[in-house]
Each structure stands twice: as structure tokens, then as C-alpha cells.
Amino acid sequence: MFKRPLCFVAIAFVAAVYIFLFLYPPDYSDSGQENGEYITISGKVTSKDTGTDFDGNQVPVLYIKESGKEDTIVKVYLSSTYKTSVGNIPQIGEVVDIQGDYYAFARASNPGEFDSRVYYKILKIEYQIREGYVQGRNYDSNSFKEELYRIRTHFSNILDTTFDTEDASVMKAMLLGDRTSMDQDIKGLYQGAGIIHILSISGLHISILGMGLYKLIRKLRIGVLQAAAISIAVMMTYGIMCGMGTSAIRAIIMFGLHMLATVIGRTYDMLTAMAVAAILLIIEQPLYIYHSGFMMSFGAVIGIGLILPSLSHFHKDDKKKQMDKLIRNSQKLTLKDYLIIAKEKLAEGALSIIKASASVSAITLPVQMNTYYTFPVYSTFLNILVIPFMTILLGLGIIVLISGSIANDIAAIPGFLCHIILSMYKIVCLGSRMLPFNTWYAGCAKAWQVVCYYVLLIIFIIFNKYIRQNMRLLDAREKRNMYETKNDNKYKYLNYHEEIKDDQHEKDVQCGKEYEYDNEDRYEKDYEYDNDDRYEKDYEYNNDGRYEKDYEYDNDNRYEKEDKNNEFNNKIKNLIYIHKLIEYVKYKRYILVYLIPVIAVIILSVRIRPELRMTFLHVGQGDGIVIEMDHKTYLIDGGSTSRKNVGKYILTPYLKYEGIGYIDACIITHEDTDHISGVMELLEAMPYGGIKIGSLILPDCAISCREDHYKELEEAAMNAGVPVSYIKRGDQLVTGNKDITITCEGPEQGLVTEGANAHSTVLFLRYGEFTSLLTGDVEEEGLTSLNRYMEQNEDVFSNITLLKVPHHGSKYTTDEEFLRILNPSCSVISAGSNNMYGHPHEEVLERLGNIGSLYYITYEKGAITVDSDGRNSKMTWYIRTGN
């Protein structure tokens, strides 16, 4: 990294662009036209696709570069009644005149919600036209791009014919970059398991296809230059056909640089190639630095280039050498040896995937957290099963496309094999859902946390590199010392044994002389003396003479040998001790340095929340309130009649944004669609890995007043395994904080009403000096009963801090008597823009103004959040920050 100047240039360039965009943010405002306004535009067709119109029909989509406006692209959905034969759809490159209904892309109005306008702004698409009609065209097309579009359409039809709908959508995404027909359940399944990356044309695909093509061409004995040129040309053509997403562009640029390095005989450097790709992409569109796909794609390369080498010391060199030795002696291998080699190779491959996946996750974790707000815990291990089959799957997919172009029946066999692999993927993903703690609801990290995380990660990389360099030096020094000590000890050992041999020889010589002397003397004395006297004198002499000398000699020699043995053993012990000390220092250093990323993750995952937070989500024409406390989370209603899939696109993203994966209770004020549609989605998604709900609480009204939706809620909760309870006036919710109380003020038990609004659940929240009344759509009988009860307890309800205005600001509720008792300091109205009911009504706004209550409407402010510590309260809103 430190020897790559282009990497530092890229970092400086990205930082400069980021600072510039921070100081001068892009304009995300719409063109000022009204949604639904009929307009006419003229421009060149840059690309074509298919998409879904407002009615759910699959229609042709044209991307028009508007004439006279630089870098302005319009997305046009042709009308479903328009003739869609190939001859009547404008070709790529033609200049066309189109009429249709103008629609701006929606801005996010809640935390966690997908911001379509920002997303399309990054792609340089300014707005969309629905129900488009082509009024004129010049028939001057780009034949190359048009032919690629036709080939892509042809391949898409082959996949539709060969596979069922589910498998075909996955194979289209993998091979053709077409995710328009992607099965949403499968997409969610892959995303939840952490293998969504296989559905994008990225570095994995380009490396498998590009390098595979290059090696195939080289095997045909074609030169390096020609093989590289053909491979680059084919990959660029493939990228254009598939739509050239950011990850594909990055991968193709890096592949081209790899081929260039091969041709000129230079070493390919992945990080330098990545830096070149980043600079080129940001020059083309500076807003790419906000694009999650851009950040994930480049983050993956950085992880492989910087983090993965830091994990290399986990490799078992001794085992690797042992395996290499076995492989070299392949002629002498037994079946057991082959099994050992296979086992080690599988373990080594799995470990490599785990290390690579962990390295990528280390860099992309903040991006993952601030884009999806969750992290699939088992994704690293799932990739062990997924990635090895990708090469096979892509190869079989290509065979399907080629064979299907000849005859559909031929494609059936490779198609069946693809189906087996895709089924295995699905089983693996479904299995991961059944594992405990399969999803970490991390929530959105703050900017300072992300900065701290990456700073600590950089420190980890630097320290790890420094330690690895030092350990290599220590290893080399240790080996040198061991070698020198070994030689020195060997020399001393040989000298020691030579001394022993010399001593023994001298001893033998001495013993020989004594024996000769004794022999002569004995026989001479024996001859002179008698037998008894001779033996007595011999014994005395020998005892005093020879044995005394031998003892002195042996005693001295033995002590000398013991000293030399002790010296040798002590040196060996010291050598072993030093080796163990070095190993301990290595281990301790690695343990300490690997605490750095652990601390970084802890800092990144900390969520500091107030003791009480109430968020009034902008769900359109409906209600959705989330109450967060230290140990409890409650959802009050969650539905809309003006926005589809409010549970999927608003409730779930917000809960994930806040790091909430479990709702202690969902309180339904009443069973109207605009209060329950999103909750029904949450209940239906629970068995498939969705947000968990602890219990469902319904108003305890008369059974005769419970409408069909009420019973549907009970049935949906039962199917999801969620217990149902019923709440009435006087009941209290468990808050986990003795200072926070939430009391039910309505309905009375068994209240009989003519409509569902009247028996709405009304909750009164108190935390220190902060009070709030949450009213649902209470009106008529319910409002009369509530007013009477509050008047009897006026000291409790007077001068409240916050009122959630009943029934979206309808003039038939929130009467003068109601407001006189409560006298709220501020009020929140949940309503959709330009709704058919005209909510909130002017009469209600006037009544609130007359008592001096400040009111805030969700369609103006977006999500409205109130934080309180029991003494002070702060209100903020999503669309414009304020206090």
C-alpha cells in the first residue's frame, strides 16, 4: 500500500470530491412540474429495458437523453396499450419524440426509507414518464448496441424457456444483469443470507468469464497479445450488453489492466488497478461516492488487498510443507495419504474463503450497516458453500445459452444441473434462517463512528504489517542463532568425546603398567615369601596404591564429565526457553493487535438512544407510531391507504435503521386498513425472517363491533405464532422503566359503537414532565366517552406536551371541548399529501391555532421524532432538520 502512489492519489481525489460535495451539495429538487402532468420530450434512446408500470404490467422501458440538456436522462415507461412488437419499439440511437405523464422520483420521508430521487440522480436519470407514446422517430439507430440488446433479449427468452420463473429470474440476474423480473422473495432470501452479491455482474463474474476465456484462447496456441485483446473486447461487449453497472465497469477496467500487465510482462497490482478504476468512475460521475454498489464493490477489493494479507499468518506452514511433500511423492501415496491430502485441500479452500469473506466484510461493514442496517451473521460461512459452485453455475449457464440457441431440448440437461445448484443455494439460505441469531440488527451508524472504525482499521493494518515484518526478522534471527548454537554445540560435543577417549586411553595405559608391575613384583615376592604373607601384602599394596590412584583419577574425571554434561544441558534448556519466549511474544502481539478491529466493531455498533423516543412515521394517509424506551419497543398502528407495501418499504426499514429486530407489542387502535395494512405485512413476514412481534394488542370493544379486518388480524397473529391480548380503559403497558407509564384511556370494556373509529384505543403516556395523548381515529361515541372521562380527571390531562390529533385532522373530531381540556403545547397530524379526504381540515387547524398549539403534519415534515428525558423534550423532523 505504501509503495503505490496511485492509491494515495485516488484517496486524495475521493476525499477532495467528498469535501466539495459536502460544501456544495447536489440539487435534488424536482423540475417544478406536477405529478401526472402530460408532457412531450425529445431526445436520443441510449438504452432499453423492461419494467413494471403502476398496474403491475411488464412494459418496455426507454432511457432518453433529452435534447438540449447535458447529462439529463429520462426513464420512459411505454404504455401497456402501445404496440410492443420489435419493429414498433424505437431502436437504440434513434432520436424520438415522446408524450406521457410526468412523475418525479419520490424522496425518502422516513429514516431508513429508500430514496429513489437520490438513487436515480446518481445514475443521471432526472425523472420518469408513465404511459408514454412515441410520436416521432428518425430511424437512425446504433446498430451495434441494438444488436446487443436483441442478443440479450434472445438469451433472456432461452432462460425463460429452460427454467421455471424463479430460476430464470436468478439466472438472468447472474448472466445478463437483468433484475427487472427478479423474484422478490428470492431476492430477499439471498439478501438476508448475505449472498446477494452473486446476483450482480461484478469482479467474481468478470474474473471467472474473462480469465476463463483468456486461458481457453491461449490453449488454442494463440499469442498473448491476441488472446488479451480478444478477452478485453469480449468482456467490454458483455458489459455493454448487461447494462454496465458500477461493479461491472470497475471489474472490466481492472481486468483490462490485468491483461495489459500480462502483455507487457509487468506484475499486476490489484490495488493500483482499483485506484485507476475509482478515479475514472468518479471523474465520469462524482456522485458515485454516495452509491452503495460503488462502495461495496471497491470495498471488497480493498478488503482483499489490505485485510486479507493480515490474516495470512493463520496459514499452517508445517502442514502445507507436509502436504507438498506428500504430493511430490505421489508415486508412493496410499489411499490414506490421498484422503489426507483431500481433507487438507478442502480445509485450506474453506479457510481461504472464510478469510476472504471476513476481509471483505471488515471493509464493507459500515456500508452494509448504513445501507441495509442489518448484517447476516452466517454469511461468511454460507459463502463457503456458495462461491465454489459459482464457476460451475456460470459455466453451465453459458452452456445453456449456447445450446439453447441451437435447440431448446439440448439445454435441458445443463439447465437441470443449474436447477440443482440453485436449489442447494435456496436450501442453504432457508436453513440459515432457522439458526439462532441469524441476523444482527445493527442499525445506522453515525458519521463519527464510521470515521473511528476506519481509523482503527488503518491502525490495525499498519500494526499488523509492522509486526509481521518484525516477526520475519525474529524468525530469521532465531533460525540463525539456532544454527550457530547447533554448530557450536556439535563442535563442543565432539571435543568432549575426544577428551573422554583420551582419558580412557590414558587410564587403560596406566592400568596396564600397574598390572605389569604388580605381576612381576608379585611373582618375585611369592617366590620369596609364603602364600599367606604374599596375598596380604598384595592386598595392602593394591589397596593403598593402585586403587587409591584409580579412585582419585576416576573421581576427578567423573566430576569433570558431570560439569560438561550440565553445561551442555543448560544451553539446550536456555535455547528452548528462548524459543518459547519468542513464540509467546508472537502470540501476545497478535492477540493485542487483533483486539483493535474488535474495538472498532464495538464502537461502530454502539447506539446511544434517549430514554424515551416517539417517532410518528410518514406513511401517507394512515398512522404509524414507534415508541422506543430503554428496554421496550412498541408499535402503535402501521398502515396506509395511499402507499403500497408500507410494512416492507417504511415500517421495516425504519425499525432496521434504529437497530430494532424485536417489537415487544404492536398495539392496534382499530381495524381500518390505514392503520393495519403494514402490520399485516409484518405478521406475514415473521415466519420468513422478518421483524419479530412479541404480542398483538387489540381494543377490547364489544364483539358485535369487531369488523372483518379485526378477525383477520387475530387470524394472522395466530398463523405467525403471536399471542393476542385485548386492552381497555385502566390497563397499563409494561415499559421497563418505573418513571414511564403508558395507560389506556379508551375504549371502555365492551364499548358498543357503530364504526371502528369510535372504539379506537387511546393511550396516555407520562414521563416526568412530558405527557402525550395518542388517540387513533377516536370519534363519536368513543370521543364522547373520552371527553367525559378526561373532564372528571382534568388535573391529569390538562396542559399536555404532545397531542396526536385524532383521525388525521378530521373536522369531526378534535372539538373545542377536547382541546380545552388538553390544551396541548404541540400537535402532530399524520396525513397523506393531497389525500381524497382533504385531511387535515381547515377547521381543525384553526382550532389548534386558537389555543396556541403548534402543529406539524407528516406530509410536510416527513417522520417526526420526539426525544425526552422527562424534563426536556426535543422535536426533529426528517425532511427539514429543526428543533
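Helices (H or I, at least four residues) and strands (E, at least two) are DSSP runs, numbered from the N terminus.

This is a predicted model, in which local features need pLDDT of at least 70 and side-chain atom pairs count only at pLDDT 80 or more, while totals for chains, interfaces and linings use all residues. Residues are numbered from 1 along each chain as its sequence is written, and side-chain values use heavy atoms, with hydrogens and water left out.

To return to the pair, Leu204, His205, Ile208 and Leu209 in H6 meet Met390, Thr391, Leu394 and Ile398 in H13, contact meaning heavy atoms within 4.5 Å. By class, this contact of H6 with H13 has 6 nonpolar, 2 polar and no charged residues; Ala, Val, Leu, Ile, Met, Phe, Trp, Tyr, Cys and Pro count as nonpolar, Asp, Glu, Lys and Arg as charged, and the others, Gly among them, as polar.

Which residues does leucine 199 contact, leaving aside its neighbours within four places in sequence? They are Val170, Ala173, Met174, Arg179, Met182 and Tyr190.

Cysteine 429 is found in helix H14, and it counts as buried because its relative accessibility is 1%. Beyond its neighbours within four places in sequence, cysteine 429 is in contact with Leu189, Tyr190, Ala193 and Ile195. Cysteine 429 and glycine 192 are 237 residues apart in sequence, yet 8.0 Å apart in space, C-alpha to C-alpha.

I turn now to the sheet. An open sheet of 8 strands has the order S15-S14-S12-S10-S9-S8-S23-S24, with mixed pairing; two strands pair if DSSP finds at least two bridges between them. Its edge strands are S15 (724-727) and S24 (873-877).

Why is S9 described as largely enclosed by the rest of the structure? The reason is that 8 of the 8 residues of S9 are buried. Gly622, Gly624, Val626 and Glu628 lie on one side and Asp623, Ile625, Ile627 and Met629 on the other.

Strand S8 (residues 612-616) pairs with S9 in the antiparallel sense over 5 bridges, and phenylalanine 616 has isoleucine 625 as its bridge partner in S9. These two strands form a hairpin with 5 residues between them, and glycine 620 in the turn has a positive phi of about 85 degrees. S9 and S10 run antiparallel, joined by 6 bridges, and form a hairpin with 3 residues between them.

Methods. Buried means under 20% relative accessible area, exposed over 50%, partly exposed in between (1.4 Å probe, protein chains only).
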